[in-house]
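Hi,

Here's the structure I said I'd pass along.

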Amino acid sequence: MNNLTRHLSRAVNSIAPSGIRKFFDLVSQTQGVISLGVGEPDFVTPWHIREACYYSLEKGYTMYTSNLGLPELREEIAAYMLRGFGIEYDPADEILVTVGVSEAVDLALRSLVDPGDEVLIPEPSYVSYAPGTVLAYGKPVLLQTTADNEFRLTPEELAARITPRSKVLVLPYPNNPTGGIMGREDLTKLVDIIIDNDLIVISDEIYCELTYNGRHASIAALPGMRDRTIVLNGFSKAFAMTGWRIGYACGNPAIIGAMTKIHQYTMLCAPIMSQMAAIEALRHGEPRMREMVEEYDYRRRVILKGFAEIGLDCFEPKGAFYTFPSIQVTGMTSEEFAEKLLMEEKVAVVPGNAFGPSGEGFIRCCYAASLKQIEEAIERMGRFVTRHRKK
Amino acid sequence: MDLERKILKLYEKNATLSPRQMATMLGVDEEEIRALITKLEQEKIILGYNAIINWEKWGDNGVTAMIDVKVTPEREVGFDSIAERVSRFPEVRCVYLMSGTYDLSVVVQCENMKDVARFISDKLATLDHVQSTVTHFVLKRYKQDNFLFDDPEEDRRLVVSP
């Protein structure tokens, strides 16, 4: 049995491993690297949340929970959704606690997609929507966004890509990798098209608390959209809890019920210790979370000013903790730029094309790093850009 | 007012920030930051800037003691007059008026235990109005002014992740 590939399913064979992997290996082998390539907070989970987890373990909370998740946690999530975004969800059957938003994306896609159904995905965006669609036997349809329009999805682009097979629209805002957001007005422009074409929206709002100069708007809060939208959110980014793998989905009971079926046969429930920690985060974590967001905002301004000074064009991202500068002045491809920058100046960034074809010509720089690291990285990148500026 | 609070918060965490850096971080004009810092300094809201140092690690074997002092308050000035007198000794690092079983909490830092003993017997205990002292020596520091002395929480994130 030399070549086992032929035994693998066609769906798995048809998806490529994450483009970031190769670059990760390269960075790992290099010493003295400043990394702006991470996709998670540089804060450790606030102590009171970790402590709540210890306490729950001491008390012996080590068992399964209900498939939907602990009732106390679902109640806290319902309260949070109401006070944060003005959307009411019934904790009894409209909220499902998942193993990170990643699981929720998979559950949502598998619950909605029949073979050949089309899933509309704006890009550049997080790496798992398209492969997740393929694994659900659907067809990913990529929607282009541009820096000129701050990487927002336009109604024109959406309308142009709709076919009779279109079924789901993914809305990943605030966006990884661009930091772009969709405000209430931007979302409103999409609503008619969504309703006319009977689309269901998977709204991945994991970065919603990391919105600067204003408050995040959820499409589920717009008239006619609540039952058409599955809001996905979690604790990783806002509460610096990436490793806890805890997220949730909110939506109409029919959809949440379908997702729960898959969840109960594949995952059963999210780990109880993570659920316990999540309860503490929602009950008492907000002040510290606001502090962290303020800190990101400071660094966001520092890195943007830095790019302006070294001559890299970058639109002002108003969400997440990413910047997405254009590297056009160097004439290099994203991968070439990232590799050379790593070799010559030991700064790790992620090539923009890892997030979709529209990302070519850009790099993703994460500012969840210390002020010192950001300033040093900018200095090194400045030298690099000066040296490689297109003649 | 909000900007002042932000400046103070930033300085509390890192006193080496330049007005220029602060201006960028807060998205305001550098001149405005400079003017506010000057004002805060003049009003003695910002009293000074110092570093938090792990002297023991550097090799200094100085001794820190916390002394609980019982005091007879004075007419008209209460505890203020005696507290201010105690504060003027250079070996005294902090002086607090406390609720509870004693009145002043005095933190002193000396080169060795003998110097602490001499300070108490010669200077502190002999002051009029001081009734009694109880001295506690610091054995080890774990955290000071929000900094952990031995912080194991270095950056353990993957260098690149989606």
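This is a predicted model: local features need pLDDT of at least 70, side-chain atom pairs count only at pLDDT 80 or more; totals for chains, interfaces and linings use all residues.

Let's start where the chains meet. Chain A puts 22 residues into the contact, and chain B puts in eleven. On the chain A side, two elements supply two or more residues each: helix H2 (20-28) and helix H11 (286-310). H2(A) is the top contributor there, with five residues. If you sort that side of chain A by class, you get 13 nonpolar, five polar and four charged residues.

Now the inside. The largest nonpolar core has 116 residues, and the members touching the most others in it are Ala108(A), Val168(A) and Ala249(A). Helix H5 of chain A (residues 100-112) gives the most to this core, seven residues in total.

What does Ala249(A) touch, leaving out residues up to four places away in sequence? The list is Leu96(A), Thr98(A), Ala104(A), Leu107(A), Ala108(A), Ile230(A), Leu232(A), Ile256(A) and Met259(A).

There's another core too, apart from that one: it has 14 residues, including Ala65(B), Ile67(B), Val69(B) and Phe119(B).

Last, chain B itself. It splits into domain 1 (2-42) and domain 2 (55-141), and the C-alpha centres of these two domains of chain B are 34 Å apart.

Cheers

Notes:
Residues are numbered from 1 along each chain as its sequence is written. Chains are lettered from A and ligands numbered from 1 in the order in which they are written. Domain bounds come from an automatic or database domain assignment. Two residues are in contact if their C-beta atoms, placed from the backbone, lie within 7 Å. Helices (H or I, at least four residues) and strands (E, at least two) are DSSP runs, numbered from the N terminus. Ala, Val, Leu, Ile, Met, Phe, Trp, Tyr, Cys and Pro count as nonpolar, Asp, Glu, Lys and Arg as charged, and the others, Gly among them, as polar. A nonpolar core is a set of buried Ala, Val, Leu, Ile, Met, Phe, Trp, Tyr and Cys residues joined through C-beta atoms within 7 Å. A residue is buried if 20 or more other C-beta atoms lie within 10 Å of its own, exposed if 12 or fewer, and partly exposed in between; C-beta atoms are placed from the backbone.
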